[in-house]
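Please open the structure in your viewer and keep the selection tool at hand.

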Amino acid sequence: MWLKALLLSFCRWCNSSFFGHGIRDSVWLFPFVEIFHLIGLGVLGGTLLVLNLRLLGLGFRGESASDLEKDVRPWMVGSLALMLGSGFLLFSTEAVKMYGNWAFRWKMIFLASAIVYTFTLYRKVVRSEEGRIATLWRVVVAILSVLLWTGVGLGGRAIAYVTTSASSISISAR
Amino acid sequence: MWLDSFLAWLANTHFSTVMRESTWAEPIVESIHVLTLTLFLGFAVLLDLRLIGVCLVRKRASEVLAQFNPWLFGGFAVMVVTGTLLFSGDPVSFYHTHPPFFKIKMMLLVVAGLNVLIFNLGIGRQVAQWDTRPTTPPAAKAAGIVSIVLWVLIVAAGRAIAYVLPPP
């Protein structure tokens, strides 16, 4: 299929790019980038949890969800950018391996769904006035957010434990 | 030394063997440890940002502290329990890594605790005086900045441990 071929050639390009190469060849660059990925995880997860706890009515009740969202938005978007940037760098060091890693595929599917969800339906509900959307719907929306992002996180953890046989894909990039 | 014999005793417990040899114990505990960063590290950083005066500034500082505190305690408890479980799987290796990232992490945790203590005994006690101001006093800013730097270093040391442990 043309899409598969395109993805694989993109992975090959990443593998052989100067950053993919550079990080792979360095002893300390990979863990260094990982630290940024983990800090981003903390802040992104933290901002989303604040909003979800508010939607669930479990905390932060002094302020409306829409005001809270305004307060944490720059940190949420910033940490998401940090995660995507650092995540791409980590991916690029073993992109062809990731192409065949089922945990990585699951993570990307969850990630794409979580991002689309967060910036469309989720945002709409968070920004809506209190009382305009039934409590039940706010709870459902919050739970779905937690589930989608947890899927991304678990997928990320699973990548480390899934060993792929690179032999199934011919690697010409290295 | 008593510590070495304690670590050796811990490594020989049935519990430690399960942590070390079970297929699922380590990945599950490790995943909980890492994903609880969202609750603990995320909330700690948001609280620090309020102390610095760059996030949640429309809310009173005392209110932010009160609302974050129970979650921070809960999150920290999960981090300590899961961290202890991971440590108990291979205590001797953890304690004797080169470079000594585990010891560095433990020392940084103590310093982070001292920072919380100093804040609570100092500027944190006078929170009523600067509660509603969007610009926070220098001592509160300092506590927030020191806290963020320490937690970043603690995450870094924690990640580094994985690179110096002997392979399972």
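Two residues are taken to be in contact if their C-beta atoms, placed from the backbone, lie within 7 Å. This is a predicted model, in which local features need pLDDT of at least 70 and side-chain atom pairs count only at pLDDT 80 or more, while totals for chains, interfaces and linings use all residues. Residues are numbered from 1 along each chain as its sequence is written, and chains are lettered from A in the order in which they are written.

Select both chains to begin: 25 residues of chain A are in contact with 25 residues of chain B. On the side of chain A that touches chain B, H3(A) gives the largest share, 13 residues; helices here are DSSP runs (H or I, at least four residues), numbered from the N terminus.

Next, select A:Val50, B:Phe43 and B:Leu46, which have the most contacts inside the largest nonpolar core, a set of 60 residues. Such a core consists of buried Ala, Val, Leu, Ile, Met, Phe, Trp, Tyr and Cys residues joined through C-beta atoms within 7 Å, where buried means that 20 or more other C-beta atoms lie within 10 Å of a residue's own. H4(B) supplies the largest share of this core, 11 residues. Leaving aside residues up to four places away in sequence, A:Val50 touches A:Phe60, A:Leu68, A:Val72 and B:Leu46.

Finally, follow H6(A) to A:Thr118, where a kink of about 45° is centred, the bend being the angle between axes fitted to the seven residues ending there and the seven starting there. Among the buried residues of H6(A) are A:Phe104, A:Phe110 and A:Tyr122, and the cover over its buried residues includes H3, H4, H5 and H7 of chain A.

Key: Helices (H or I, at least four residues) and strands (E, at least two) are DSSP runs, numbered from the N terminus. A residue is buried if 20 or more other C-beta atoms lie within 10 Å of its own, exposed if 12 or fewer, and partly exposed in between; C-beta atoms are placed from the backbone.
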